[in-house]
Amino acid sequence: MTVKTSRMLDRQGLIELEEGDDVRDSPRFNVDIAPTKASERTWSRWNIAALWVGMSICVPTYTLGGVLTAYFGLSVGEALLAILLANVVVLIPLTLNAFPGTKFGIPFPVVLRSSFGILGSNVPCLIRALVGCGWFGVQTMFGGLAIHLLLSAIFPPWQALGGVGEVIGFFVFGAMNLYVVIRGAESIKWLETLAAPLLLAVGVGLMFWAWPHMSMTELLAQPPSRPEGAPVYGYFFAGLTAMVGFWATLSLNIPDFSRFAKSQKDQIVGQIIGLPLTMFFFAALGVVMTAASASLVGRTVADPVNLIGMIDNPFWVSVAMVLIIIATLSTNTAANIVSPTNDFQNVAPKLVDHPRGVLITGLVGVLLMGYDLLQKAGIITSGVSLESMYSNWLLGYSSLLGPIAGIMAVDYFLIKRQRLDVPSLYQDNKAYPAINPAGFIAFGVPVALTLLALTTGTMNWFYDYGWFTGSALGAVVYYAASLVLSPVNRTIPTAAIETERLS
């Protein structure tokens, strides 16, 4: 008997692939990176907002004000303004690149197949994955320290373990993260929805606690660390670029989450509600707490985990460490594991499923943090510190990620005009090439200029403002190269995305 089934776009663009479909047999497909079904699109604007609150409230956010004042020569007021403005700016690529995820239900690696090619997408995917694994290691280190201090408060003999206790905490906290993500998107949604109001309440409480112990007037009056008389704009825009780079990772892989949103309005409104003000508030909290630390514990401490660990009250230390563990868990699971998991699956979907992708992410994160773990265990006694790596490497990757963000937005809105042949994104030799030269040219030009600036000392401005220069140049070059080199990869007509199969 001949059975006729059809696969049509609904009003949101969703395609649900049938059992026995030839796409499912493709080496570029597995069920974990397949388009989300209508029943899986359960994230409202409040779930999206909670996601951003949960990701924004973390130890690195707390330290951003200090990073800008110490490393970028900004005053406290300039630093807070840069943080707020940067998170308004980063909303633009976040909302734009979320569109294909929401419309078609496809994750970040599959979206990239449109602009870089079916196989070529693995290059930007692995770049994003490496950065995510690095952040996973850093956040897990903070979470492991919180576990160590928690156990030290509950069981005082544990404190004698010192760095070894922190290493044990690292692996315990890392396992907690991997468990949450292996359970899937609904597990992450539940965690973020639970954590968001709790973390906001704790942040407000900490602000009220620290406020009487410092003078905001004196804090804002402190002179910046840049040379006296130096113009502010160069330092400010370098700091602004670094702060945009803080979420440059998510501005790429936001489709990994927007694919679960109920509508475009939900993903847009949720991100506007959840991101800028939360980042500004928690960064401001870090500035206030650091300024108040001298009165609270007798010396200036910029790390909230160590600051709270110095409080001479085991009960409150225990409560605070549990909250820090929840905050770091809510950030790490969503921001630093989901994308590498999908990215590693994209390399070999038939060999790497969701659980294996999660485990690979954890393994790479541990390897990247291996040097610091050996230091904490006492095996290595000197060398590059975690703080040095955080300030120098993790705040410099925006030069690589900016071009990818620009390419993605131009490809979807200007070249493809919001039309994608979804089944072909999961198959070889269909509507999309294995490697799209336009994508690699547009990525290679700004990266080459960045390397030129770093190696020759010329065009320093190109590197200093790397996310802005990279994303703008990548977008322009991609548009021009697509028109010249990839005419077959332009707008896909509506008929091409309405498919029919006989079986």
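This is a predicted model: local features need pLDDT of at least 70, side-chain atom pairs count only at pLDDT 80 or more; totals for chains, interfaces and linings use all residues.
The ring centres of W43 and F257 are 6.4 Å apart and the planes stand at 40°, so I noted the pair as tilted. Where do W43 and F257 lie? I found W43 in the loop between β1 (4-7) and α1, and F257 in helix α12, so this pair ties together parts that are 214 residues apart in sequence.

For another example I turned to W467 and F468. This aromatic pair is edge-to-face, with 5.3 Å from centre to centre and 90° between the planes. I then checked how covered each one is. W467 has 6% relative accessibility, so I wrote it down as buried. F468 comes to 27%, which means that F468 counts as partly exposed.

How many aromatic pairs are there in the whole structure? My search turned up 16. I also came across one aromatic cluster, formed by W52, W135, F246 and W247.

**Entry 1: the face of α13.** Which residues of helix α13 are buried? Within residues 264-274, I listed Q264, D266, Q267, G270, Q271 and G274. Looking down the axis of α13, I saw these buried residues fall within an arc of 165°, so they line one face of the helix.

I wanted to know what that face meets. The buried residues of α13 pack against α1 (45-56), α4 (91-104), α12 (255-258) and α14 (276-297). Helix α12 was already in my notes, as F257 lies there.

**Entry 2: α6 and α7.** A reminder to myself: two packed helices are described by the angle between their axes and the distance between the axes. For helix α6 (residues 122-154) and helix α7 (residues 163-182), I noted an angle of about 115° and axes 7 Å apart. Is the crossing of α6 and α7 left-handed or right-handed? I recorded it as right-handed.

I looked up the residues that meet here too. From α6 they include F136, G137, M141, G143, G144 and L145. On the α7 side, G165, G169, F170, F173 and G174 are among them.

**Entry 3: cysteines.** How many disulfides does the count give? I got zero, taking a disulfide to be a pair of cysteine sulfur atoms within 2.5 Å. C125 has 0% relative accessibility, so C125 is buried. C133 is also at 0%, and therefore counts as buried.

Definitions and conventions. Residues are numbered from 1 along each chain as its sequence is written. Side-chain values use heavy atoms; hydrogens and water are left out. Buried means under 20% relative accessible area, exposed over 50%, partly exposed in between (1.4 Å probe, protein chains only). Helices (H or I, at least four residues) and strands (E, at least two) are DSSP runs, numbered from the N terminus. The arc is that of the directions from the helix axis to the C-beta atoms. Contact means heavy atoms within 4.5 Å. Rings of Phe, Tyr and Trp (its six-membered ring) pair if their centres lie within 6.5 Å; planes under 30 degrees apart count as stacked, over 60 as edge-to-face and the rest as tilted. Axes are lines fitted to C-alpha atoms, for helices over the stretch in contact, and angles run from 0 to 180 degrees between N-to-C directions. A crossing is left-handed if the near helix is turned anticlockwise from the far one by less than a right angle, and right-handed if clockwise.
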